[in-house]
Amino acid sequence: MRIGPRETSPKVTATVGDVRAAAPRARRPWGAIGLFLGPALFFYFAFIIYPVLVTFYNSVHTLRMDLGMTYEFVGLQHFREILSEDDIFWRAARNAMTWAVAAPIVDIPLALVLAFILHGRVPFARFFRTVWFTPLLMSYPVVGVIWLWVYNYDWGMANLVLRAVGLGGYAQAWLASPTTALPALILVTTWMFAGFNMVVMLAAIHAIPMEYLEAARVDGAGPWHRLFHIVVPLLRPTMVNLAILDFIGKMKQFALVWVMTRGGPMWGTETVATYVIKRAFEWKTLDLGYPSAIAVLWFVIIFGLSYGLTRFLQRREALEF
Amino acid sequence: MRQTLTKATLMIPVLVYTVFSAGPYVWTAMMSLRTTDEIYKSHYGLPVPPHFWKFVTAWTEFGYATYFKNSAIVTVTAVAIITMVGAMAGYGFARRRFAFPWREPLFLMLFLSIMFPPQIMILSLFQILIKYGLFNTLAGLILVYVATELPVTIYLLRAFFAQIPQELEEAARIDGCTDWSMFWRVMFPIARPAVATTMILNFIYFWNEFLYAVVFITKQEIRTLPLAIQFLVSDQYFDIGMLATGLMIATLPVLVMYLFLSEWFVKGMTAGAVKG
């Protein structure tokens, strides 16, 4: 992650501390260190690190909930089964990947255009910014219910608009068909996140020195020219960050699916996150080992892909400047 | 002339997007003040006359009082704990005085766990909570919430504490401050803007959280609002009007605060975006 490591490097703290502090001092104040870091480290190790390790451990076992959580070591058998036989996993992985790739492709350019327009001194810009940001503040169940209504075949807003503009032929039950359900859900996350991406990009555009845009205007560059030749290149780092965040967020998508479609129809909106929960608590297999193995696999894939994506996108950026 | 024309054309996409963005929620808000019968007659009618009594009915008869109370308990407690624990840790990780050999690798690990997918912990947390009698309790949910938001909270506050000049610390020490009183009397008050940002971020996250709640809470009387709504969708599938009222109850606390503190909210959510 680009936002992070740069700021977290030890140098940041070092620049602030004075030189004398570097000289050997009295003994380390272990009491104070324990007092300040102790509670946080307790939470962190007890509820994050320890569970992660347990999940890894569980992933090579069969763990029957109905038999009082008895462990049986099975080695890598779960992983073999997931990769070679589990069609639903592959379907879920493909859906999650589609979501993770499609969302940034839609969200980021949309947010960029909106930010650029608002930057062009549109009246009531603050009002629009405030309104567009609002969907992000609602919980997924709330958003899910509202959009179940929007997609209602008979009286939902989606079909209402289509019928109103004479495209009534396209009106359909959006969540009932495996081909339209996933795109319909992707649109919902766009609705939630476009405003947020817009706000971040608007701040980045405001940070561009006014002279650049003014000079281009004086030279006769139209708005589109200014957008593509000045704003986009300068905003590239911001856009890359937002795209990666969007990608990771969508790889983890659970709640919206759970509320709106439960993964249906015909696994059309199943994501890996929902599949893990289903395998653990809804299927009659009652085995926590297998879903743990899926979780481990997906965890590795998310980390690998986000690392790769960060490197790839940032290298291209380095080449261009 | 040409300028006004460009402005006017710019307004078209702005207005179209605003309708798209606000439309669904405004529509829900209107339905929340209409009875289901009225809604079935015309789904897009105005709430005339507005049935404000529906909020009372939802609150008293459909359990929203309980769900709201549960959400409030979880959110307020978790925010209070995470703010104290997170601020102390952010301070401990930031200041040179507290450096020890494994501190930076530890912090890097903490930072990386910001983007852990919840699935990597949730199944074993389920086991652990059962083992310690915390499954199906609000206390268990609170502990998990605090833990999952700690990394991002510490990350944000550490960045702020690291910027406070060393001179200030030394001046306070000369005045006789211990580490403990220095933190609470000098550093924490200075960090109030950053602390407020994380409080808002965590408040929204806890109020809206769904995944952990759905796995760790199975008793109806301790459901939080997001969880309750998920169940009410299937229970009152055809009672759209009442469900819409419930959605308003679930969102209004956050949205009303957003109305007054929108800059802070935007700042908080943007800062928290490192989570992905």
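This is a predicted model: local features need pLDDT of at least 70, side-chain atom pairs count only at pLDDT 80 or more; totals for chains, interfaces and linings use all residues.
Visitor: Which helix gives the largest share of the side of chain A that touches chain B?
Guide: The interface pairs 81 residues of chain A with 80 residues of chain B. By class, the chain A side has 63 nonpolar, 14 polar and 4 charged residues. The largest share of that side, 16 residues, comes from helix 4 of chain A.

Visitor: And inside chain A, how many residues of domain 2 are in contact with domain 1?
Guide: Chain A splits into domain 1 (3–58) and domain 2 (80–320). On the domain 1 side, 4 residues take part, and in domain 2 of chain A they meet 6 residues.

Visitor: Which helix supplies the largest share of the domain 1 side there?
Guide: That side of domain 1 of chain A has 2 nonpolar, 2 polar and no charged residues. The largest share, 3 residues, belongs to helix 4 (residues 30–58) of chain A.

Visitor: Over in chain B, how far apart are the end C-alpha atoms of helix 13?
Guide: Helix 13 (residues 240–260) of chain B has 21 residues, so at 1.5 Å a residue it should span 30 Å. The model agrees with that, as the end C-alpha atoms are apart by 30 Å.

Visitor: Where does helix 13 of chain B kink?
Guide: Look shortly before the proline Pro253(B). The kink there is about 45°, and it lies at Leu252(B).

Conventions:
Residues are numbered from 1 along each chain as its sequence is written. Chains are lettered from A and ligands numbered from 1 in the order in which they are written. Domain bounds come from an automatic or database domain assignment. Two residues are in contact if their C-beta atoms, placed from the backbone, lie within 7 Å. Helices (H or I, at least four residues) and strands (E, at least two) are DSSP runs, numbered from the N terminus. Ala, Val, Leu, Ile, Met, Phe, Trp, Tyr, Cys and Pro count as nonpolar, Asp, Glu, Lys and Arg as charged, and the others, Gly among them, as polar. The expected span of a helix is 1.5 Å times one less than its number of residues. The bend at a residue is the angle between axes fitted to the seven residues ending there and the seven starting there.
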